[in-house]
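Okay, everyone, let me put the model up on the screen.

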Amino acid sequence: MDLDPRRLLVLSAIARSGGLAPAARVLGHTRSAVSQQLASLEREVGLPLVDRSGPRLELTAAGRMLAATGDRISQELAAAAQQLGSVNQQAVQGPVAVGATSWVLARIAVRALRLLARSHPRVEPRFVEAGLQDGLRQLRLGELDVLVLTDDRDTALPLPPSVRAQVLSEDYYRVVVPATWDVPTAAAGLSGRPWISAPAHSARGRAFARFAGVHGVVPSVEHLADHMIAVQTLLAGQLGAAVLPAHFAAQLEQVTVTTLPVTGSQITRTLYRTGHGGTVAAARVVADALQQAARDHAEAATVAGHTRGDIIVRTLHDPTEVPPPTPSRRTPGRP
């Protein structure tokens, strides 16, 4: 007698759930498919396996015996999957050098480390603070295995060869002005005023240059601040306007987030090399942990009541799709 073990699993599900329809829901099949599997099994053994004469379906003695066999098969498969998972965890191991911005280090590095400690305890990530250009250089040279970088989508720098990218977040830009300023109705009204910009190679620096070029904005003074804590301090001192990602702008106080149009968006990605080998496998695991940590951070911020601005967590499968902008925010109580 040649029994199909898959049909024994179906019979086991019928026994545990108490009927064809409940078994179909458990297995993710249609009721018709479960009924056909049962009928095929009955033909294989040449015996009725269920009693259909009563108000509810019940297993015969032969059916109960085979259902118990199906239970044992299910348990063995679950144990094999668990053992395989343990083998995979042991196989993926070794040091992984991770370059990341200060924002990533402050918000998702610890979450990622905790995830890795549970899922792949033999992977040894080491975080290194790295900016856009130096991070890409270190990735090309093999000094980094994983790199989390923030770039301007419209003018994104070319990636090294044989590198896969996962998108952590994407955010629209907003123009922010000190709360003591009159709210500008046109971008040209900000020409001849002080601005807080960023180094020309940075994502924000390129976004500001694009905005200024489109609208003919010429700052009277251009302060340069690379790190967000410096930008926040300068804005608190009412030292100028700034082009910022929306999620950061929405969290600032003593500013007005304007409705002035700014083209483009800021994108944060995780890069790691493709191919085979222990280091590559470990790097991929770290990249996945960073992706999950970013999602967890975004969800925690939402639950806590903190705004996420226009952050969109997405994969790289469709990098051309750009979500519609949400309405810009202003600090409560301000015009």
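Let's take helix 3, with its 15 residues: at 1.5 Å a residue it should span 21 Å, and its end C-alpha atoms are 22 Å apart, which agrees. The expected span here is 1.5 Å times one less than the number of residues. And when I say helix or strand, I mean DSSP runs, H or I of at least four residues for helices and E of at least two for strands, numbered from the N terminus.

Before I go on, this is a predicted model, so local features need pLDDT of at least 70 and side-chain atom pairs count only at pLDDT 80 or more, while totals for chains, interfaces and linings use all residues. Residues are numbered from 1 along each chain as its sequence is written, and side-chain values use heavy atoms, with hydrogens and water left out.

Back to helix 3. Which of its residues are buried? Val34, Leu38, Ser40, Leu41, Glu42 and Val45 are. Buried means under 20% relative accessible area, exposed means over 50%, and partly exposed is in between, with a 1.4 Å probe and protein chains only.

Now the neighbour. Two packed helices are described by the angle between their axes and the distance between the axes. For helix 2 (residues 20-27) and helix 3 (residues 31-45), the axes come within 8 Å and cross at roughly 105°. That makes helix 2 roughly perpendicular to helix 3. The axes are lines fitted to C-alpha atoms, for helices over the stretch in contact, and angles run from 0 to 180 degrees between N-to-C directions. Under 35 degrees counts as roughly parallel, over 145 as roughly antiparallel, 65 to 115 as roughly perpendicular and the rest as oblique. On the helix 2 side, Leu20, Ala21, Ala23, Ala24 and Leu27 meet Arg31, Val34, Ser35 and Leu38 of helix 3; contact means heavy atoms within 4.5 Å.

Next, strand 5, residues 146-152. Six of its seven residues are buried, so it is largely enclosed by the rest of the structure. What does strand 5 pair with in the parallel sense? That's strand 3 (residues 94-100), over two bridges; strands pair if DSSP finds at least two bridges between them. Gly99 has Leu147 as its bridge partner in strand 5. Strand 5 also runs antiparallel to strand 11 (residues 265-273), joined by seven bridges, and there Leu147 stands opposite Leu271.

On to the inside. The largest nonpolar core has 23 residues, and Val96, Ile108, Val146, Val286 and Leu290 have the most contacts inside it. A nonpolar core is a set of buried Ala, Val, Leu, Ile, Met, Phe, Trp, Tyr and Cys residues joined through side-chain atoms within 4.5 Å. Strand 3, helix 6 (109-119), strand 5 and helix 11 (278-303) each supply at least two residues of this core, and helix 11 gives the most, with nine. There is also a second, separate core of 18 residues, which includes Leu8, Val34, Leu41 and Ala67.

Zooming out to finish, the protein has 11 helices and 11 strands, and 42% of its 335 residues count as buried.
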